[in-house]
Amino acid sequence: MVKDLRTGVTSPTPSDVLDGDLDQFMAAALAQRVTGEKVDVEDDD
């Protein structure tokens, strides 16, 4: 699992992320930058 703690976006398939499937991560980061909101994510570990 790949988790971006800044935006809260997760991906259950690390191989896809390593292959360049970063669209959801980039969209969340850009949306956060535009709105200026901080996202609090609780760690499930």
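Me: What covers the buried residues of α2?
Reply: This is a predicted model, and in it the cover over the buried residues of α2 includes β1, β2 and α1.

Me: And which residues of α2 are the buried ones?
Reply: The buried residues of that helix are F25, A28 and Q32. They span an arc of only 70° around the axis, so they sit on the same side of α2.

Me: What about the other face, which exposed residues does it carry?
Reply: On the face of α2 turned away from its buried side you find the exposed residues D23, L30, R33 and V34.

Me: How many residues does α2 have, and what does it reach from end to end?
Reply: Helix α2 has 13 residues, and the distance from its first C-alpha to its last is 18 Å, which is close to the 18 Å expected at 1.5 Å a residue.

Me: What happens just after α2?
Reply: Just after the helix comes G36, which takes a positive phi of about 80°.

Me: Let me step back. How many helices and strands are there, and what pattern do they follow?
Reply: The protein has two helices and two strands, and reading along the sequence gives the pattern β-β-α-α.

Me: Where does D4 lie?
Reply: D4 is in the loop that runs between β1, residues 2-3, and β2, residues 10-11.

Me: Is D4 buried or exposed there?
Reply: D4 is buried, because its relative accessible area is 11%, and the cut-off for calling a residue buried is under 20%.

Me: Which residues does D4 touch?
Reply: Leaving aside residues up to four places away in sequence, D4 touches V9 and F25. F25 is also one of the buried residues of α2.

Me: Back to the whole chain, what share of the residues is buried?
Reply: Buried residues account for 18% of the 45 residues in the protein. The protein exposes about 3800 Å², and carbon and sulfur atoms supply 52% of that area.

Me: And what share of the contacts joins residues at least 24 apart?
Reply: Taking the contacts between residues at least 6 apart in sequence, 32% of them join residues at least 24 apart.

Me: Last topic, confidence. What is the mean pLDDT, and where is confidence lowest and highest?
Reply: The mean pLDDT of the protein is 84, with 82% of its residues reaching 70 or more. Confidence is highest in helix α1, residues 14-18, at a mean of 96, and lowest in helix α2, residues 23-35, at a mean of 90.

How values were computed. Residues numbered from 1 in each chain as written. Predicted model: local features only at pLDDT ≥ 70, side-chain atom pairs only at ≥ 80, totals over all residues. Heavy atoms only, no water. Helix = DSSP H or I, 4+ residues; strand = E, 2+ residues; numbered from the N terminus. Buried < 20%, exposed > 50% of the residue type's maximum accessible area, 1.4 Å probe, protein only. Contact = heavy atoms within 4.5 Å. Areas by Shrake-Rupley, 256 points an atom, 1.4 Å probe, with all protein chains shown as cover. pLDDT = per-residue confidence, 0-100. Expected span 1.5 Å × (residues − 1). Arc of directions from axis to C-beta.
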